[in-house]
Amino acid sequence: MVLAYVVGTHKDAAFLKLQALLAPFGITRYYTDKGGAYRRHLPPEQHTVGKPSMQKIERKHLTLRTRLKRLARKTLCFSRSCLMHDLVIGLYMNHVEFGYEA
């Protein structure tokens, strides 16, 4: 289940936004890739880096990207607007994860 998302790069500012969105859920364990922002902002006892834990997460991300044509540059409906990406992803999450219709 997706609890929160942030559209952005793997930089500190985007990670800190995501961490703030996840704070109300009481997350105590993070599974990430080797991104520097994660190592700088997560305590080692709460942070696991590794491919096996990431494969399941990345599979979900790939499914999301293939279903949202706006994220693929070579389609007619591609948008360069981060706001548009954020809105479309939010609508998708509401529909698929929570069963809400827009």
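1. Phe 98 has its place in the segment after α4, where helices (H or I, at least four residues) and strands (E, at least two) are DSSP runs numbered from the N terminus. At 39% relative accessibility, Phe 98 counts as partly exposed, because buried means under 20% relative accessible area, exposed means over 50%, and partly exposed lies in between, with a 1.4 Å probe and protein chains only. Although Phe 98 and Val 2 are 96 residues apart along the chain, their C-alpha atoms are separated by 9.6 Å.

2. A word on the basis of these remarks: this is a predicted model, in which local features need pLDDT of at least 70 and side-chain atom pairs count only at pLDDT 80 or more, while totals for chains, interfaces and linings use all residues. Residues are numbered from 1 along each chain as its sequence is written, and side-chain values use heavy atoms, with hydrogens and water left out.

3. On the overall plan, the chain has four helices and two strands, and from the N terminus on these elements run α-β-α-β-α-α. Of the 102 residues of the chain, 21% count as buried. Taking contact to mean heavy atoms within 4.5 Å, residues 24 or more positions apart account for 33% of the contacts in the chain with a separation of 6 or more. The accessible surface of the chain comes to about 7700 Å², and 59% of this belongs to carbon and sulfur atoms; such areas come from the Shrake-Rupley method with a 1.4 Å probe, and for residues only the protein chains shown count as cover.

4. The largest nonpolar core is made of six residues, namely Phe 15, Leu 22, Tyr 30, Ala 37, Tyr 38 and Leu 42, and helices α1 (12-22) and α2 (36-41) each supply at least two residues of this core. A nonpolar core is here a set of buried Ala, Val, Leu, Ile, Met, Phe, Trp, Tyr and Cys residues joined through side-chain atoms within 4.5 Å.

5. Thr 32 sits in strand β1 (residues 30-32) and, at 7% relative accessibility, counts as buried. Its side chain makes a polar contact with the side chain of His 47 at 2.4 Å, a polar contact being a pair of N or O atoms within 3.5 Å, of which, within protein, one must be able to donate a hydrogen and the other to accept it, and residues adjacent in sequence count only if both atoms are side-chain atoms. Leaving aside neighbours within four places in sequence, the residues in contact with Thr 32 include Tyr 38, Val 49 and Met 54.

6. Side chains of opposite charge can pair when their charged atoms come close. The structure holds one salt bridge, that is, a side-chain nitrogen of Lys or Arg within 4 Å of a carboxyl oxygen of Asp or Glu. In this salt bridge the side chains of Arg 40 and Asp 12 meet at 2.6 Å, N to O, and the pair links distant parts of the chain, with Arg 40 in helix α2 and Asp 12 in helix α1, 28 residues apart. Arg 40 counts as exposed at 55% relative accessibility, whereas Asp 12, at 23%, counts as partly exposed.
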